[in-house]
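Here is a quick tour of a protein chain, written for someone who would rather look at a model than read a table. Have the viewer open and follow along.

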Amino acid sequence: MAENTKWVISGAPHVHGPESVTKIMWGVVIALVPSFLVSVYFFGMQALLLTAVTVFSCLAFEFLINRFFFKRPCCLGDGSAMITGLLLALNLPSGLPLWMAVTGSLVAIGIAKWAYGGLGQNPFNPALVGRVFLLISFPVAMTQWTAPRALFGGTALTDAFSGATPLGFAKEALKTGMPASEIADSLPAYSDLFFGNMAGSMGEISAIAILLGGIYMLLRKIITWHVPVTFIGSAFLFSGILWLCSPERFMDPVFHLLTGGLMLGAVFMATDMVTSPMTGKGKIIFGIGCGVLTVLIRTFGAYPEGVSFAILIMNAFVPLINRGTTPKRFATVK
């Protein structure tokens with residue numbers, strides 16, 4: 001081999017196999033369909049309109065930035081901007097003003113993705129960056145929740161939950177000194193939480209829809225078990241330890257799994273191949289970190305939800321995790 005041969009190292013993912021990046025991306029889009037349909041069922045046309053706005057905005061910003069700043073051919077067909085738009089919408093309350101959704105899309109595509117060079121080079125999950133930007137910039141709008149329609153024509157949620165998620169309600173009630181057992185009696189039944197009959201972001205409400213998407217991605221080998229299992233398992237174990245130590249001060253672990261964005265984050269955001277570790281050992285470390293941080297923020301932090309912050313914090317540790325868990329045969333030669 002010639003000594004002057006130049007090697008160009010592109011951004012992640014560095015995966016060899018029959019699956020292309022485009023096939024993987026559109027596979028994730030298919031996996032998100034159950035969560036999207038459930039959000040439309042519970043929140044109606046608001047959910048459909050908000051999703052259409054975020055998807056269109058992400059596609060438009062992807063095209064404009066790629067065309068006028070990077071002077072590259074159109075790249076909309078790879079599906080990455082579509083996924084960002086879908087995930088951003090599913091992380092938002094259905095009644096969010098549409099101009100805020102457009103702003104979040106610009107931050108997700110323009111800052112979180114293309115500021116680092118585009119697909120494969122962004123260190124943080126774009127949809128989560130867009131969501132956290134909106135949460136910090138417009139906290140009131142981002143915590144105004146629409147009560148969902150009744151499940152299968154059954155009993156609708158009480159007025160107490162028309163403007164609060166179960167996580168938010170429990171957080172405020174615990175601050176007043178109300179015992180966790182009394183709070184649990186005031187919450188929707190776990191069956192409602194499992195199917196999605198609760199207030200919250202559009203895509204986080206239904207655990208069963210998220211699990212269906214996750215099973216599809218596992219069968220297609222789009223993701224591996226390491227991150228979602230360790231994320232969910234560590235959150236369950238850590239919250240369970242707290243609950244066993246003081247059952248009247250902390251909510252039980254099943255409550256933590258079925259409420260908020262833990263399931264959505266574990267299955268769809270933390271498994272992003274670009275912003276998660278490359279090795280199985282690294283993914284396990286990453287998943288455990290996400291789960292523990294989520295419970296810490298939920299329990300002791302100012303926000304009732306901690307999934308987005310936990311994943312973004314662990315995204316920042318991914319280069320370090322990769323460096324410590326990459327086999328020596330792939331290590332950098334000094």
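## Reading the helix labels

Helices here are DSSP runs of H or I with at least four residues, numbered from the N terminus. In that scheme, Leu64 belongs to helix H2, which covers residues 45-68.

## The model and its confidence

Keep in mind that this is a predicted model. The mean pLDDT of the protein chain is 87, and 88% of the residues reach 70 or more. One stretch to treat separately is residues 154-161, where pLDDT stays under 50. For that stretch, the model has 14 contacts beyond four places in sequence.

## Overall build

What does the protein chain use, helices or strands? The chain has 14 helices and zero strands. Written out along the sequence, the pattern is α-α-α-α-α-α-α-α-α-α-α-α-α-α.

Of the 334 residues in the protein chain, 52% count as buried. The accessible surface comes to about 15900 Å², and carbon and sulfur atoms account for 70% of that. As for how the chain meets itself, take the contacts between residues at least 6 apart in sequence: 75% of them join residues at least 24 apart.

## The nonpolar cores

In soluble globular proteins, nonpolar side chains tend to be buried together. In this model, the largest nonpolar core has 71 residues. The members that touch the most other members are Leu92, Met217, Phe231, Phe268, Phe286 and Ile311. Which helix gives the most to this core? That is helix H1 (residues 21-43), with nine residues. There is also a second, separate core of eight residues, including Leu167, Ala170, Met251 and Phe255.

Setting aside neighbours within four places in sequence, Met217 is in contact with Val28, Ala31, Ile222, Ile223, Val267 and Phe268.

## A buried asparagine

Asn315 sits in helix H14, residues 307-325. Is Asn315 buried or exposed? The relative accessibility of Asn315 is 2%, so this residue counts as buried, the cut-off being under 20%. Beyond four places in sequence, Asn315 is in contact with Pro123, Phe124, Asn125, Thr275 and Phe286.

## Aromatic pairs and a charge over a ring

The count of aromatic pairs comes to five. One of them is Tyr41 with Phe42: the ring centres are 5.0 Å apart and the planes sit at 85 degrees, so the pair is edge-to-face. Angles over 60 degrees get that label. Tyr41 is partly exposed at 27% relative accessibility, whereas Phe42 is buried at 4%.

Trp99 and Phe138 make another edge-to-face pair, with centres 5.3 Å apart and planes at 80 degrees. Trp99 is in helix H4 (residues 98-111), while Phe138 is in the loop between helix H5 (126-137) and helix H6 (166-175), so the pair ties together parts that are 39 residues apart in sequence. Trp99 is exposed, with a relative accessible area of 52%, and Phe138 is partly exposed at 21%. For a charge and a ring, look at Arg67: the charged end sits over the ring of Phe68, 5.4 Å from the ring centre.

Leu64 and Gly110 are 46 residues apart in sequence, yet their C-alpha atoms are 9.8 Å apart in space.

Phe133, in helix H5, is partly exposed too, at 33% relative accessibility. Leaving out residues within four places in sequence, Phe133 is in contact with Thr103 and Val107. Phe133 and Ala108 are 25 residues apart in sequence and 8.9 Å apart from C-alpha to C-alpha.

Where does Cys75 sit? Cys75 is in the loop between H2 and helix H3 (80-90). Not counting residues up to four places away in sequence, Cys75 touches Glu62, Asn66 and Trp114. Cys75 and Leu119 are 44 residues apart in sequence, with 9.8 Å between their C-alpha atoms.

Definitions and conventions
Residues numbered from 1 in each chain as written. Heavy atoms only, no water. Core = buried A, V, L, I, M, F, W, Y, C linked by side-chain atoms within 4.5 Å. Buried < 20%, exposed > 50% of the residue type's maximum accessible area, 1.4 Å probe, protein only. Helix = DSSP H or I, 4+ residues; strand = E, 2+ residues; numbered from the N terminus. Contact = heavy atoms within 4.5 Å. Areas by Shrake-Rupley, 256 points an atom, 1.4 Å probe, with all protein chains shown as cover. Phe/Tyr/Trp six-rings, centres within 6.5 Å; stacked < 30°, edge-to-face > 60°. Lys NZ or Arg CZ within 6 Å of the ring centre and 35° of its normal. pLDDT = per-residue confidence, 0-100.
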